[in-house]
Structures are given as C-alpha cells and as structure tokens.
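Q: Could you walk me through this one slowly?

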Amino acid sequence: QDIKILSEKTLADAWGKLSETRLEMRRRDGTWQEVSREVYDHGSAAAVLLCDPAAGNIILTRQFRFPPFRNGDPGWLIEACAGLLDGDTPEACARREAEEETGYRPDSLIHAFAAYASPGSLTEKVECFIGLYGTDSRISDGGGLHHEGEDIEVLEMPFAEGLAMIRDGRIVDAKTIMLLQYAALHLFR
C-alpha cells in the first residue's frame, strides 16, 4: 500500500461533508511523506446534453450558481442538465434531470464518459450522457423544482451556437464544455 490514512476530521457536515485527512504517501522515489488534504463530498452526479442531430439542435439550461457569482463572475450559467445521483443509477438520474430541468424526455441515452471536474478537492464523479430527443419528446415546461430553489430557463439552439458560446465565454461550465466537444466529435461532424 502506497497510502496510509493517519487521521480524519469532519470540518463541516451539511448539504455535503467537508473533511480533513492526514495521510502518508509513498513518493515515486520510495520515501514517505506526510500530507494533509481537505475533501468535499456531496455525492456523485450525472449530466446529459440533449441533442437532436436531425434538426441540428441542442438543449441547454440557464440557472443561477452562487459560487461563480461569489467569485466575481456572472451567476447565471449556461449548462447541460445535471444532478446528484441521490441513490439512482446514472442513467435514471440523467433522465430525471432532463425531464425536471427541460421538460424533455430523452428518446435514448448514450453514455459518453465519466469525469472528475476537480479531483484535487471534490469526490464528485460525473457520468456524462448524450440524450437524443425529437419534436415529440417534450412532456412539460421544465424549469426545475421550485422546492429545491431551482429557476431554470430552457434554451434550445443550433449546435453551432453552443460551440460559439464556448469560444466567446458564455459557457464556462466544465461538464458542458466536455459534452459539447464530445457531440462535435461524434454527432455533429
């Protein structure tokens, strides 16, 4: 074993859990080094980019995110649908979030990849999907769940516009950038 946990301390335990772990790790040269790491754990998630390749369109959402706002950036981010697994499979979560946030039920899901957006401090692993939809896939207005504080705007646009939003800085969310790049390579060539 190249890692030895020495101690763990909970720093905060609310929506997620922030802990500090002291550990020893064997370095590549064989020596041991003691380090301390803070880790935030609120569970893993699933994300889905809704795509209609026949029409050349995608569906994204716009919702308020406090951390970017707190960091001095605009708080209303344009993103692919996403949410915490909450005990569901990644596929079930992706379908649930697409329906809640956009009002569209994907006809099918394609698993694209899994990613850690910030592995230095977050345990969250995001399973990313492409959700295929068509004109008959809309089942509600979407907008998210009011009791969870969601106020989500649904944005349907040409795929090329989504890519342009990466270039001009309107999309800064990592999972959305990765999903749009995946779609560029595999769906909208």
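Q: Which residues are buried in helix α3?
A: This is a predicted model, in which local features need pLDDT of at least 70 and side-chain atom pairs count only at pLDDT 80 or more, while totals for chains, interfaces and linings use all residues. Residues are numbered from 1 along each chain as its sequence is written, and side-chain values use heavy atoms, with hydrogens and water left out. In α3, which covers residues 159-167, F159, G162, L163, A164, M165 and I166 are buried, where buried means under 20% relative accessible area with a 1.4 Å probe, protein chains only. Helices (H or I, at least four residues) and strands (E, at least two) are DSSP runs numbered from the N terminus.

Q: And what do the buried residues of α3 pack against?
A: They pack against β5 (57-64), β6 (76-79), β10 (153-158) and α4 (174-186).

Q: What comes just after α3?
A: Just after that helix, G169 takes a positive phi of about 90 degrees.

Q: Changing topic, in what order do the three strands of the open sheet come?
A: The order is β1-β2-β3, with antiparallel pairing, and two strands pair if DSSP finds at least two bridges between them. The edge strands, each pairing on one side only, are β1 (3-13) and β3 (32-41).

Q: How many bridges join β1 and β2?
A: Nine bridges join β1 to β2 (residues 17-26) in the antiparallel sense, and T10 has S19 in β2 as its bridge partner.

Q: Last one: what does P68 touch?
A: P68, found in helix α1 (residues 66-70), touches D73, P74 and L77, not counting residues up to four places away in sequence, and contact means heavy atoms within 4.5 Å.

Notes
Buried < 20%, exposed > 50% of the residue type's maximum accessible area, 1.4 Å probe, protein only.
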